[in-house]
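Q: Could you walk me through reading a few features of a model? I would like the general idea before each case.

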Amino acid sequence: MTTPSSLLLYLAAGFCLIYVLLKAIQLYRKRQQLLKAFESFPGPPSHWLYGHSSQISQDGELNQLLSWAKKYPYAYPRWFGGFMVSLTINHPDYAKTVFGHGDPKALTVYKFFIPWIGKGLLILHGPKWFQHRRLLTPGFHYDVLKPYVSLMAESTKVMLDKWERLITVDKSVELFEHVSLMTLDSIMKCAFSCHSNCQTDSSQGRRFQEACRLAHQHTDKVIKERKTSLQDQQELEKIQKKKYLDFLDILLCAKDENGAGLSDEDLRAEVDTFMFEGHDTTASGVSWLLYCMALHPEHQQRCREEIKEILGDRETIQWDDLGKMTYSTMCIKESLRIYPPVPGVSRLLSKPITFHDGRTLPEGLFSLFLLKAQFYLQPHTCHSH
């Protein structure tokens, strides 16, 4: 005889089975739709459940992607499991089509940055992105940037002095942490007018991430203090007469055509975004540049000779010197081409897209990753031109 409790158990089991079956049908249909959407884009074989995950190791991801880029020079689908896929773009003609399409950024990728840096320019899109961009544009005027050169030179000298001491003890020095502290020191001076001494005050076992964490905590405190001082007319006049305006000064004083400025949340997001973009990616780019120079001493020597000729008897770089460093600039750009600190971006299709060869993709959840290093036939060859 069936009891009420056992009947409930059967019903629950039946509902669970039906739910699983419906979910399986839904996933099957989704996979079939994705397969149909990408049928004109051949790519590396993938597992129906794991996608390409089993073919990519954590240490060898870039090499695997470069290998696939040679085999599929325009684009290929990359499966993240069996039900999520993106089109990996390798060719500039395809990239041009995507960038001209006006699609928003794919939050499936960028959402991981939000708790860290908030919704600043890196995350935003649409009207709010344009509003922030207009408000931030004055911060990149030549007259604003010029005084920063001496601040960056000052931070760089601190780093070089540390290296001079270190190489008397060790034959080699791990550069990245020192470069990261130097770029952090520079951005703190330029963004906050804050001389943190983070390069010299760090204890022997302290990692630069700790300095970065303290800098983020510093953001709220500095914004609050600076906003309070701006409410005082005398302090406002002092700030306006400063030898140079830092990034925070510009953000706090920025107003759009309606007289509206950035909210506290927006201020925090933009400052944190520039803290991240201004020191982490810059440190990566500088470190790879030094690596390339070490691999190619002939280019390193030409850069050294060029800079020595420009400086003459001086010891530090000035703003007007930057435009004269033609060969050094070429080497910097070539290093960024080979080892870009941000190798890819992504977009979410808001409407169907057609590429120059006639292949199309429908609108929907298709992230497009543009691996910039793959746009070139010889991504690991250094060219002087």
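A: Gladly! Helices here are DSSP runs of H or I with at least four residues, strands are runs of E with at least two, and both are numbered from the N terminus. This is a predicted model, in which local features need pLDDT of at least 70, side-chain atom pairs count only at pLDDT 80 or more, and totals for chains, interfaces and linings use all residues. Residues are numbered from 1 along each chain as its sequence is written, and side-chain values use heavy atoms, leaving out hydrogens and water.

Q: Where does α14 bend?

A: A bend is the angle between axes fitted to the seven residues ending at a residue and the seven starting there. For α14, the bend is about 25° at T282.

Q: Is H52 buried or exposed?

A: Buried means under 20% relative accessible area and exposed over 50%, with partly exposed in between (1.4 Å probe, protein chains only). H52 has a relative accessible area of 1%, so it is buried. H52 sits in the loop between α1 (4-37) and α2 (61-71).

Q: Which residues does H52 touch?

A: Contact means heavy atoms within 4.5 Å. Leaving aside residues up to four places away in sequence, H52 touches P44, P45, S46, W68, P77, R78 and W79.

Q: How many helices and strands are in the chain?

A: The chain has 17 helices and five strands, and 39% of its 385 residues count as buried.
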